[in-house]
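Work through the exercises below with the sequence and the model side by side. Try each task before reading its solution.

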Amino acid sequence: MLAFLLRRVIQAIAVLAVVGLIAFSMFRFAGDPVNQIVGPDTPASERAEIRKSLGLDDPVLLQFARYAGDVVQGRLGISYQFRQPVSQLLAERMPATLELAFCATVFALVVGVLMGVFCALRRDSWLAGLFQAVSLIGISLPTFLIGILLIYLFSVTLGWLPSYGRGDTVRLGWWTTGFLTWSGLKALILPSITLGLFQMTLIMRLVRAEMLEVLRTDYIRFARARGLSTRAVHLRHALKNTLVPVITIAGLQLGSVIAFSIITETVFQWPGMGLLFVQAVQNVDIPIMSAYLLLVALIFVTINLVVDILYTVVDPRLRLSSATA
Amino acid sequence: MSRSTLKILARGVAAGAVAAFALTALPAQAANVFRFAFQGDIKSLDPYSLKESFTIGMHGAVYESLITRDKDLKLAPQLAESWETPEPTRWRFHLRKGVKFHDGSPFTADDVIFSAQRVRAPGSNFQTNVPGDAEFVKVDDYTVDMLLKKPNPIAVYQFSGWYIMSKSWSEKNNATQPTPPTAAAPSYATLHENGTGPFVITEHQPGVKTVFKKFDGYWGKVESNLDEAVFTTIGNDATRVAALLSGEVDWVDPVSLQDQQRVNSSGTATVMAGPELRTVFLGMDQWRDELKDSSVKGKNPFKDPKVREAFYRAIDEDTIAKRVMRGQATPSALLIAPTLFDRANEIKRPATDLKRAKELMVEAGYPDGFSLTMDCPNDRYVNDEAICQAVVSMLARINVKVNLNAQPKAKYFAKVLSPGFDTSFYLVGWTPSSQDSHNILFEIAGCRKPGDKSGRGGWNLGGYCNPKIDTIADQVEAETDKTKRDALIKEGFDTIQADWGYIPLHQQALAWGVSKKVHLVQRPDNMLLLYWVSKDPQ
Amino acid sequence: MSGRDIDAGGAPPVPLQAATPGRLARWRDSDLLASFLRSKTAIVALLATILMVGLAVAAPLISPQNPYDPAQLDLINSNLPPIWQADGQAPFYLGTDDQGRDVLSAVLYGLRLSLIVGVLGVITSGIIGIALGLIAGYAGGALDTLIMRVADVQLTFPAILIALVVDGVARASFGGALDVGPLIGLIVISIGLSFWVQYARTVRSSVMVEKGKDYVQAARLIGLTPPVILVRHVLPNVTGPVFVIATINLALAIITEATLSFLGTGLPETMPSLGTLIRTGNRFLFSGEWWIVAFPGLALAGLVIAINLLGDWLRDALNPKLQ
Amino acid sequence: MSETILSVRDLTVTFDTRRGPLTAIDRVSFDIGRGEILGVVGESGAGKSVTGSAVIGLIDRPGRISGGEIALRGERIDNLPPEAMRRVRGRRIGMIFQDPLTSLDPLFRVGDQIVETLRAHTELSARAARTRAIDLLAEVGIPAPERRIDGYPHEFSGGMRQRVVIALALAAEPELIIADEPTTALDVSVQAQIITLLKRLCREHGTAVMLVTHDMGVIAEAADRVAVMYAGRVAEIGPVAAVVREPHHPYAVGLMGAIPTLSQEADRLSQIPGSMPRLTAIPKGCAFNPRCPKVFARCRVERPEPILVGASRVACHLYDVTEKAA
């Protein structure tokens, strides 16, 4: 187990290094940051000077080496537009993104699993058909359009839910949370649905297909032949077996949930890292862009690792230690 | 996890929630809070860091300048009670007494001298707001002289953007220099303010939210009845309008053109659509000997005034103003807004004439037209990309095939402002920062010369050049007699038009969405100034 | 005895008989066509897909207007509602947008572009993924590890991030305006680079199963080279799952292109795909000019749903366990 | 014959498909007595497993019992409501599937699966159920049951898993066990052990067994009586000695020739050319007539009813006395 972990950690570091290099070398092409730093009537000579002092004239590899050195020492640089340490900006924005991603994932998992189970168990009912049809909307319309439609319906027309932002937040140490206020909870609803809809559809369809397959397995037939109640057969045996692959997929999807929050955060003006990233792209704020991509890579690699570990916990067949029982 | 642990946890969460409600519920009740949203954000609280209208306006709530501009954009006293020019190169300012900074320290001449030095230090984006060669001299604690090398009638025209900072506070917090973009650590002044204005900033999360509160120790009377103002960035057009329509915010800027009718019919909010100072125009590369990305090889069609005239006459600005801008634009003959130049209405816009345009193309030797690339921002000006698209289809009628390269402003400006000005045909909007025509004649229409560090022609991206303009610009700068000065300016603008040097399109209208509960002042420079904002109490 | 019992390492014996109802079902559904005809959804989905592909192919012939030709756009005709509303005008049956562009024509041409981008994107990702999967699975060892770790790196970057980066690089290196051809190429590459991992993983695992089988060993013994073995013998065995992934990815690719246009890296407004049309159209939602976004939205949703349903059916039909 | 445990009369199972109903089991009748093992043999697709599923009430849609009766100790069970039928399953009828590797839920400990079954049918406390589970494991010959009870299925070998499956089937002391190819998936050496175990347990508990297999060797070794099925019908049924040694139905005659191929799939019988018809194309008259070496005109028209021939009942016109007389 320790060797396994160690190997994964080394791989993770390699992945991060490669992501860093790719991201960094490509950002050079994303536009000229100097125009964002200074106002429009700054003379060209001054622009050139700033460009030089930022080291933008140096070879890419040198710039990267300098950057990597800083990152290792925990310095992510200063944002060009905010004139603040990137690490501090990201730390401020991270709770918003993580809370949103968490709610979206919970929404996707709970609703997706429930609907998927229903569709598998009552596969011929009209409601199952309806669920499947409705769920397709989640993957057939772009996220941003769904978000705007939700705002139009629930904020503008009905006036029930806020259209932007996190509402009131409560500070717990360096973390800010929207879970503890009424307005904070209300503000989470629409963005979570928007962000989670795609995953929900995915999970629902996965659960349905997986469960249909599990229901045909011998051990489910055997469980029924043993006279177990339908409830026990479906919810104990079938569901648990269904969830093993679903956990993997859902876990791996968490990385893309965080990435896709870029869109949701833009639509709902959610003050998270995705919004920061989009603003950074628009303003060619290279330190933020690099740090964001590194962070996403880090989160992803971590999730990957956790999912692997979780997998062995749920599925006894993969438990290495039990092989000698 | 056992059941009892769960219970304890649940209780803990519930208690936390109750406490949080109690904390957040209290201050919101009594205060008169103005909530407002803009498409961009307040990037830094350092008043010398970024020259951008909205940011300057926000800084204006907490910082003050010697001379400000009133509701009609006329110069007005603020921290200077009065000023005079005893001789053409000496300006004397009499400072207001009894003014306190937000940290309680008094405002004196030392702060002015300090600010004059700081605003012109490297890293400041406002270096040109104060004449670079001016020397500031303290006469006494409440009198300051500004000594110029040569007479300059408009020396104080940009003073309204030069906010006065506290010397002692800046020294104490190690913020005596503007935060340069290359700084390894953020300056204290980036995140904190200490002005003399009627509001203080109590919370500032860059890119998220900024909270203003009334400053009780303010020296003057304030029109505003606000206790608190909360600023949020909302970048997405639809979300911003939704927030206004649902009553979550009281003010938004901008309201996109197509949503204005919806806002006006909402019953709770209206669109304030005054004329803006910014002029949107098209520029043509008259510099290169061969256009980039064009079908014409070996020569530059834009060097022929006939081609420039053909373009001018083919583009139907009236239809653009009516359809693309939905009437929210004023077609313009000049590169400057008419409010900024008194004789503006004497210059008329040449009429759109498709037939003449086609003839001109034949005369110029391009009966079958040609192709070229047009650069256009898609997130900078009102409906910028739509305007460019309309231009493209209008030019198609004189057989000019335009490849439209519409990009976000970061990429767009990076391209057109790159050394060598990489563009053949482009759209730009311009507000003279001095609010004076000289700026146009100097920066937009002045000849570009390699190695020239004066900044002349700095935004003349197409390299239009008529030496006569440069002569006029220099005369305008030194001329103190308004009539003579206006005549010179008019001659300059006439020359640009006769040369078909630029294609001015329009002044776009401001588009503030304002709740009916709110009363405020809209100036053509598009600055929201909180001290003129009032809100009906609940 | 117990010693042997504990050792559970051996492969399970292949069951000689499936449960009887399954076998019965397979009798009935022994061929794809029969299963297809049995599924009403599949028929409807296929008809819808064919219809839309047909419309897309025939767009230049049946559209009232060429929405890409700026000379045909007239601002006078801008913002007209669909024909059945009070101000509607022929031939703008579904109304016009703010440039006077006919919505019907724009949808037809947009369908075409979206399909082109989607299909090319899927083909690109398929080629990359299958090639790498075959190599990784057949070669094994260090090469396999390398390819799979690259896959991990790639997974870190969702399509939209890759596209933002690729787009930035390309625009900067080519400078100036990109014609629609290179732009489509860019988006196709972005999609190709985002979706190949799934193919690679599927193909790799199939190859690892297949390569131990007798026929591959036999092919090796008679002296066939690895590429020949891979392409001629192993590849045909993985077409089923690859085809299923391709169908579902096609829908995903079309949606991804639409999302990219929201972030400003999609196709230009002058050459709109369905995604671009929705992005520009959603600005007009609040103003009541709903037709600018509604029709492209319906077309996109219809296309994606139809393709998805086809993919679902295909997956079920090709999966013997689900019959 | 002793007390009848299971009595099946004219059982008919139909699968409703879009091409119309298909009859998978066509008027099948047989009895099983207390402590008796009835072997059911036939080729793949003959309807053996469907018969077993029908008895325990596990015919899944689109299949259904469309005719006949199933009675357990004289009490009809084919028309019980689902919940009542559930209580019969496991409690009164146990079932053993062909593949021990897939019969156990891989995510649950072996003991938990036994305890769960016990508690579904008895009032035992969790502790008592666990003790009983250990006893059961010991009874089916699992060494060190108090330790192995906490193992997961993948930690057991195939033979051991089949023992666990048998323990599960026996857990609630059912009157009848349906063993559907219980040894097919096992090594030859383990097959004999399992069959012996099954036989011993049934003798001890007096349980009736319906042993479904295509392996005549297993039948010969274990069964008391045997039913030969072909295309959803019983061709011949009788004491194992009679049917094996002296088969009457031409199909049974062919089938018995396959006994020496003990461990092999008897899918195609070398002695009989052709293969079993698809359900969609069952010939008129006797289903076996296209392959029958002794076919005559009546076989193509009229379906033969079972006739008592010696100790067996045979569904063949050859043995119809009236036919012989003609």
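The exercises that follow treat a strand, a sheet, a helix and a database annotation in turn.

This is a predicted model, in which local features need pLDDT of at least 70, side-chain atom pairs count only at pLDDT 80 or more, and totals for chains, interfaces and linings use all residues. Residues are numbered from 1 along each chain as its sequence is written, while chains are lettered from A and ligands numbered from 1 in the order in which they are written.

**Exercise 1.** Determine which way the residues of strand 3 of chain D point, and which strands pair with strand 3.

Solution. Helices (H or I, at least four residues) and strands (E, at least two) are DSSP runs, numbered from the N terminus. In a regular strand the side chains alternate between the two faces of the sheet. Accordingly, look at strand 3 of chain D, where Ile37(D), Gly39(D) and Val41(D) point one way and Leu38(D) and Val40(D) the other way, and all are buried. Buried here means that 20 or more other C-beta atoms, placed from the backbone, lie within 10 Å of the residue's own. Next, turn to pairing, which requires that DSSP finds at least two bridges between two strands. Strand 3 of chain D pairs in the parallel sense with strand 8 (residues 208-212) of chain D over four bridges, and Val40(D) stands opposite Val212(D) there. Four bridges also join strand 3 of chain D to strand 9 (residues 225-230) of chain D, again running parallel, with Ala227(D) as the bridge partner of Val40(D).

**Exercise 2.** Identify the edge strands of the open four-stranded sheet in chain D.

Solution. Begin with the strand order, which is 2-1-4-5 with antiparallel pairing. The edge strands are strand 2 (20-33) and strand 5 (75-76) of chain D, each of which pairs on one side only. Within the sheet, strand 1 (residues 4-17) and strand 4 (residues 63-72) of chain D run antiparallel and are joined by eight bridges, and Val8(D) stands opposite Ile70(D) in strand 4.

**Exercise 3.** Explain why the buried residues of helix 10 of chain B lie on the same side.

Solution. The buried residues of helix 10 (residues 354-363) of chain B are Ala357(B), Leu360(B) and Met361(B). Because they cover an arc (of the directions from the helix axis to the C-beta atoms) of only 100 degrees, they lie on the same side of helix 10 of chain B. An α-helix has 3.6 residues a turn, so residues three or four places apart point the same way.

**Exercise 4.** Describe the chain over residues 98-121 of chain A.

Solution. Over residues 98-121 of chain A the model is 100% helix and 0% strand, with the end C-alpha atoms 33 Å apart.

Terms used:
A residue is buried if 20 or more other C-beta atoms lie within 10 Å of its own, exposed if 12 or fewer, and partly exposed in between; C-beta atoms are placed from the backbone.
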